Amino acid sequence: MPAMALTLERAAGARVAPSRGFSARAAVSAEVARAAGDALVLPLRTGLYLAHGRELRRELALDLEQVTTVEDTPPPRALPNRPLRLFVASAEPSGERHAVRLIAALRAELARAGAPAPEILALGGAATRALGVELVGDPLARAAMGLDPLRSLPFYARLLADTGAVLARFQPDLVVPVDSPALFVPLARIARKAGFRCAHFVAPQYWAWAPWRVRAYREAFALALTILPFEPSWWARHGVRTAHVGHPALDGLPAAPPPGDPRRTSLVLLPGSRSSVVARNLPWMLETARLLHARYPALEIVLPHEHADRRTELEAHLCTANAEGWVRLAVAGDGGLHAELARARAALSVSGTVLIDLLHQRLPAAVVYRVNSALSSWAAPHFLTVPWFSSVNLLARAPLYWEACFHGAGPRAACLAHLEQALFDPDFRARNVAELDQAARRLGPPGATLRAARHVLSLAAE
């Protein structure tokens, strides 16, 4: 077969026969060697990337103007008479939330079509296990520890080897990793070596930096399910087959009260989910909130968190900051994140998926991301191809949310000034809320999980 035809066949995700004598451990060793080789040439790739930074930014600026509508697809017309075998994988709490909803949608769609219930194995955590799905590993427990990548490498190497061996025995019709590309691109490459196709739910943000990673991604996945409206044009330019399903964080969200609802009286602090991120950002947030509280003693300040097992950790941060008397802690089980957001007037948040929750609530916000070194702070504006790192600002193509990535004390005065406007300036609030509404419309409607499930079933049934 000519080299170009072979490349196109691989890019299209055609199922390949497993190589004779497939060994999961050998495949993992190959991935480790590949990662080591990538590390060796990283300085060269970084230099080339920086040299072409202006061109990459210009291309992405054009992509940001694109508005791709979600791709609804009907249920597959032909399904096998036997149960479909699916392997679904998640490695982070946010990814598991999407994976759990995806599994439920897959089961519901197959039941609606009168097809047998699927056989599903998974990587995941307690929420996945609660669906009655058999787990072959739990990377979420490791992720919660927040250890550095080198210390975690043996764990993930064993996890990939064990998963590869399971795939060879299970013979899935499709492997569906959710988010977490650092772990799941190697997993997808191992799965392809074993002869299985992969679809990735939540395409990675390679458009933001290090786009050279797209080559390995293109080889690994038969289909990438995109969630932001400007992503499909970027991926198409790099030869990756995509389907745009919309943002799964919108699925299942409660209706938000109007931005002017009189119950909206508080400032919420959202320091992230990982312990390391919380440790870097929450003390800075509490000091900023302390200054606001001194100026406006009647302002209610709330620290909501979705993980009940973090209560002791959060209480320790409040104690260190002497904030127990003026910050209310609301962890999972005390009313839920969106119950608190519905009573909020503004937010001080780290960057992440939670910004989509704030957008759903049309909630003005300041976004910070405090890093652990001055070098990281310097690198952010030089290595990013995006004009802003907040997803809401990218959707709006404008800095609706004040944002800063910094090390040390950071621009606290500017953050305070923005929060005062967001909380107390009615003209600013009206403009900001109207602009947030336009950004939310650009994001598209809910239903991403159902659309993703139908694309997955269509691919699995091919």
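## Around Ser90

Setting aside its neighbours within four places in sequence, Ser90 is in contact (heavy atoms within 4.5 Å) with Gly95, Glu96, Ala99, Leu123, Gly124, Thr128, Pro139, Leu140, Val178 and Phe184. Where does Ser90 lie? Look in the loop between strand 1 (85-89) and helix 4 (93-112). Helices (H or I, at least four residues) and strands (E, at least two) are DSSP runs, numbered from the N terminus. Ser90 is buried, with a relative accessible area of 0%; buried means under 20% relative accessible area, exposed over 50%, and partly exposed in between (1.4 Å probe, protein chains only).

A word on the model: it is predicted, so local features need pLDDT of at least 70 and side-chain atom pairs count only at pLDDT 80 or more, while totals for chains, interfaces and linings use all residues. Residues are numbered from 1 along each chain as its sequence is written, and side-chain values use heavy atoms, leaving out hydrogens and water.

Now find the open sheet of six strands, with the order 10-9-8-11-12-13 and parallel pairing. Its edge strands, strand 10 (327-331) and strand 13 (402-406), each pair on one side only. The twist averages 20 degrees from one strand to the next. Two strands pair if DSSP finds at least two bridges between them.

Within this part of the model, strand 8 (residues 266-270) and strand 11 (residues 344-350) run parallel and are joined by five bridges. Leu270 stands opposite Ser349 in strand 11.

## Helix 17 on the sheet

Helix 17 (residues 412-424) packs on the sheet, where it touches strand 8, strand 11, strand 12 (365-370) and strand 13. Its direction makes about 155 degrees with that of strand 11; axes are lines fitted to C-alpha atoms, for helices over the stretch in contact, and angles run from 0 to 180 degrees between N-to-C directions.

Which residues of helix 17 are buried? They are Arg412, Cys415, Leu416, His418, Leu419, Ala422 and Leu423. Seen down the axis of helix 17, these buried residues fall within an arc of 165 degrees, so they line one face of the helix. The arc is that of the directions from the helix axis to the C-beta atoms. The buried residues pack against partners including helix 11 (275-295) and helix 18 (426-443).

## Ser152 in helix 7

Finally, visit Ser152 in helix 7 (residues 149-170). Ser152 is buried, with a relative accessible area of 4%. The C-alpha atoms of Ser152 and Arg142 are separated by 7.9 Å, with the two residues 10 residues apart along the chain.
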